[in-house]
Amino acid sequence: MKKSIVRASVLMLVGSVFLVAGGYNAQAEKDRKALVQYMEKKFSDPAKNKAMFFPYATDEDINKHLKKGVKFEEFRLGSYAIDKGGRDQYEEIKEMPPYEDNIDAGEELYKKYAFFKKCFPDPAIAGEYPKFDDKSGKVVTLTRAINQCLVANGEKPWKMTKGKIADLEAYFAAKSAEAGKKVNIQINSKAAADAYERGKKEYYSQRGYLKLSCANCHVQGSGNRVRREYLSPLLGHTTHFPVYRLKWQGLGTLERRIKGCEKNQGENPHKPSSDWTAEMLYFMSYMSNGLPVDGPDVRR
Amino acid sequence: MNSIKKIATTLGLGLALTAAATAGDAMKMVDEAAKLDVKKVCDVKANGAAKVLAVAEKYNPAAVELGVEFKRLGIRNSVYIKGLKEAVKAKKPEVTLKYKAKGKEKKKTFKTDYAAWRACTFAVRALQQVKEADKTYRLAIPGDGFKF
């Protein structure tokens, strides 16, 4: 009798531990599934859904420019998943991608600094970052992880927005895409879930003199046109970084892109090294969980 | 050795307490700013540029502290305030702001009253938005407050 009581309580204890451990990402998973559902519904038939999702769009915008029936995996292409004209131009540019030299430069850096092999034995890691480090209580983006590795080995940290760091990330992203890796962001503790929630709150908070949230453009506003650009959806935003932007005439990291978005909102951007940026990227990357890593890539 | 440890611990604790106190102060300013009528407190005609600038000077540091300071066309609100101080004191009708954009030194001239109004509204609204976001951000989340 005693034995069975002990067994039952041990089983209950183990079960509850598993439940709690598995539950840290419960809210994030709920958010992600709702976002996927929203995007798939929105772009299933833009003409039919005009009143609900595109009230200010012209019929020409919808019928000529927006794609129909966009499915989950296609969202890895950002705005080119939904913009017909943009997609054609994108496919032309992809025939001779402008970032190939950056991948080679990244590979050279990986070989030149031998300690990178110790920090990142498998270079196909682009889909695993940002990670939450329970020891420091901070989110570690890939950019932060590279700089941490450099500093730990007596080197100065690199600029977090472009240059060498973007090249190395391009190599990691190319290796990840080659290996068929998918975005796989983990939330394994209460502190990690809290960091995710902070990032989510900032993403959906209206800010700056234009009083815009990131979501105004990239959730509710996705697929709507600003001048001649169709706003890209949050789903799939982080899968293809670092990107070669025609506007930049070069490669840039996610941190660089976020800084640009904040400027557009009308506020003084946070530093790329800030916890704010890292937590924002943690939330954004989680939203793309399950999508294939598709970087480096090219964007207008 | 022990005394070094003690000093380090005290310093660390001191720094942590200072940081916590500063964040607490900034949040107090948010609560205070949330109660203001921005059109009234930033009305240059009714209050004068000096008073309006004083409002900007009072609230903008909290916006900087919380990472919500406004920036328009490359000019941070702190730059407006810094440039305005001298112009308002000397009662100059125009103010020339010097700022850096993309690594280059630039300058732009504004009417003093207009710049004072902008600095004030930018400082107050930045903090009011923090308070508003607490109530509104979930309304935009699909599957939470945003129904589709």
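Modeller: The domain assignment divides chain A into domain 1, covering 26-96 + 188-292, and domain 2, covering 100-178. The model is a predicted one. Taken over C-alpha atoms, the centres of domain 1 and domain 2 of chain A are separated by 24 Å. Contact between them involves 20 residues of domain 1 of chain A and 19 residues of domain 2 of chain A.

On the side of domain 1 of chain A that touches domain 2 of chain A, at least two residues come from each of α10 (190-204), β6 (250-252), α12 (254-265) and α13 (275-287) of chain A. Helix α13(A) gives the most to this side, with 6 residues. Sorted by class, this side of domain 1 of chain A has 9 nonpolar, 6 polar and 5 charged residues.

Among the contributors, β6 of chain A also belongs to an open sheet of 3 strands, ordered β6-β5-β7 in chain A, with mixed pairing. Strands β6 and β7 (297-299) of chain A lie at the edges, each pairing on one side only. On average, neighbouring strands of this sheet are turned by 40 degrees against each other, direction ignored. Strands of a sheet pair through backbone hydrogen bonds, in a parallel or an antiparallel manner. In chain A, β5 (residues 243-245) and β6 run antiparallel and are joined by 3 bridges. Within β6(A), A:Leu251 is the residue that stands opposite A:Tyr244.

Terms used
Residues numbered from 1 in each chain as written. Chains lettered and ligands numbered in written order. Predicted model: local features only at pLDDT ≥ 70, side-chain atom pairs only at ≥ 80, totals over all residues. Domains from an automatic or database assignment. Contact = placed C-beta atoms within 7 Å. Helix = DSSP H or I, 4+ residues; strand = E, 2+ residues; numbered from the N terminus. Nonpolar A, V, L, I, M, F, W, Y, C, P; charged D, E, K, R; others polar. Pairing = 2+ DSSP bridges. Axes fitted to C-alpha atoms, helices over the stretch in contact; angles between N-to-C directions.
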